[in-house]
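Hello,

Here is the structure I said I would pass on. Please look through it first; my notes on what was found follow below.

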Amino acid sequence: KLSLALNNFDAEKLAYTNAIEHINTSLKEGRPKDSSFIPALKHYLSECYARLASAEQMREQYTGQIITDPKIKYEILNNLTKAIAVSKEINSVPTQCYAQRAAVYGELNRFEEAIKDCNEVLERDGVTAGGAFLLYLVRGQCYAGKGEERKAVEDLKKYLELEQEGWIAERKEMEAALGYLEEG
C-alpha cells in the first residue's frame, strides 16, 4: 500500500509539473490569443504550484516521515511563493498558501517571514479568513520560537478560541503548553 501511495504522490507531482510547464510555455508564447482566458489560466497555474507543494506535504503526512531535507522544504517554499505571486497578478490571494508557507518558514526557524505571512492575511481579512485559526497557531508558535511569550500566548489563545470544538486532537496538550508559556 505504501509504495502504491508513494507512486501516486510522484505521479501527482509529475502531472502538476507538466501542467505548470505547459501553462508557462503557453503564456510566454502569447497563447491564448483571447486575453479573457488569461486570468483563468493564471488561476489554474497558481493552483498547480500550490498543489505541487501540497503533494510533498501529503507524502510526509501519509508516510509519517518528517521532511528533514532542507532542499525539499525550500522546493515547497518556492512553489508556494510562485502560487502566491501568480495569484496576486489576478487579484486573488490564497489564504491557504500563505498559511502553508508560514508553517514551512516556521519549520525552518525563519520566524520573521512566517509571522509576516500570517500578518499579511490577518491584517487584510482578520478572523474572517478561511483557516484564520491556523494562522494564529503558526504565528503563536513562531512568537514562542522567538522567545516572545506574551505574543505567543495571545495568538495561541485566539487559536483555541477560533478552532472548531474537537478539531484538533491535541487540544489538552495545547492548553498545557499555554499554561507553561503563561507561567514564564
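**Helix 4 and its neighbours**

Helix 4 crosses helix 6 in a left-handed way. A crossing is called left-handed if the near helix is turned anticlockwise from the far one by less than a right angle, and right-handed if clockwise. From helix 4 the contact takes in Thr95, Ala99, Ala102, Ala103 and Gly106, and from helix 6 Leu135, Val138 and Cys142. Contact here means heavy atoms within 4.5 Å. Sorted by class, the contact of helix 4 with helix 6 has six nonpolar, two polar and no charged residues. The classes are as follows: Ala, Val, Leu, Ile, Met, Phe, Trp, Tyr, Cys and Pro are nonpolar, Asp, Glu, Lys and Arg are charged, and the others, Gly among them, are polar.

The angle between helix 4 and helix 6 (residues 132-146) is about 20°, and their axes are 10 Å apart. Axes are lines fitted to C-alpha atoms, for helices over the stretch in contact, and angles run from 0 to 180 degrees between N-to-C directions. Helix 4 and helix 6 are therefore roughly parallel. The cut-offs are under 35 degrees for roughly parallel, over 145 for roughly antiparallel, 65 to 115 for roughly perpendicular, and oblique for the rest.

This is a predicted model: local features need pLDDT of at least 70, side-chain atom pairs count only at pLDDT 80 or more, and totals for chains, interfaces and linings use all residues. Residues are numbered from 1 along each chain as its sequence is written, and side-chain values use heavy atoms, with hydrogens and water left out.

How do helix 4 and helix 5 lie to each other, roughly parallel or roughly antiparallel? Helix 4 (residues 95-107) and helix 5 (residues 111-125) pack at about 160°, with axes 7 Å apart, so they are roughly antiparallel. Their crossing is left-handed. On the helix 4 side, the residues that meet helix 5 include Tyr98, Arg101 and Tyr105; on the helix 5 side, Phe111, Asp117 and Arg124 are among them. The residues of this contact divide into seven nonpolar, two polar and six charged.

Gln100 is also part of helix 4. At 11% relative accessibility, Gln100 is buried (buried means under 20% relative accessible area, exposed over 50%, partly exposed in between, with a 1.4 Å probe and protein chains only). Gln100 and Leu80 are 20 residues apart in sequence, and their C-alpha atoms are 7.7 Å apart in space.

**Other residues**

Lys13 sits in helix 1 (residues 2-28). Its relative accessibility of 18% is why Lys13 counts as buried. Leaving aside residues up to four places away in sequence, Lys13 touches Leu52, Ala55, Glu56 and Glu75.

How many disulfides does the structure hold? There are zero, a disulfide being a pair of cysteine sulfur atoms within 2.5 Å. Cys118 is in none, and the nearest cysteine sulfur, that of Cys142, is 6.4 Å away. Cys118 is buried, with a relative accessible area of 0%. Cys48 is buried as well, at 1%.

**The whole protein**

The protein has eight helices and zero strands. Helices (H or I, at least four residues) and strands (E, at least two) are DSSP runs, numbered from the N terminus. Of the 184 residues, 39% are buried. Among contacts with a separation of 6 or more, 54% are between residues 24 or more positions apart.

Regards
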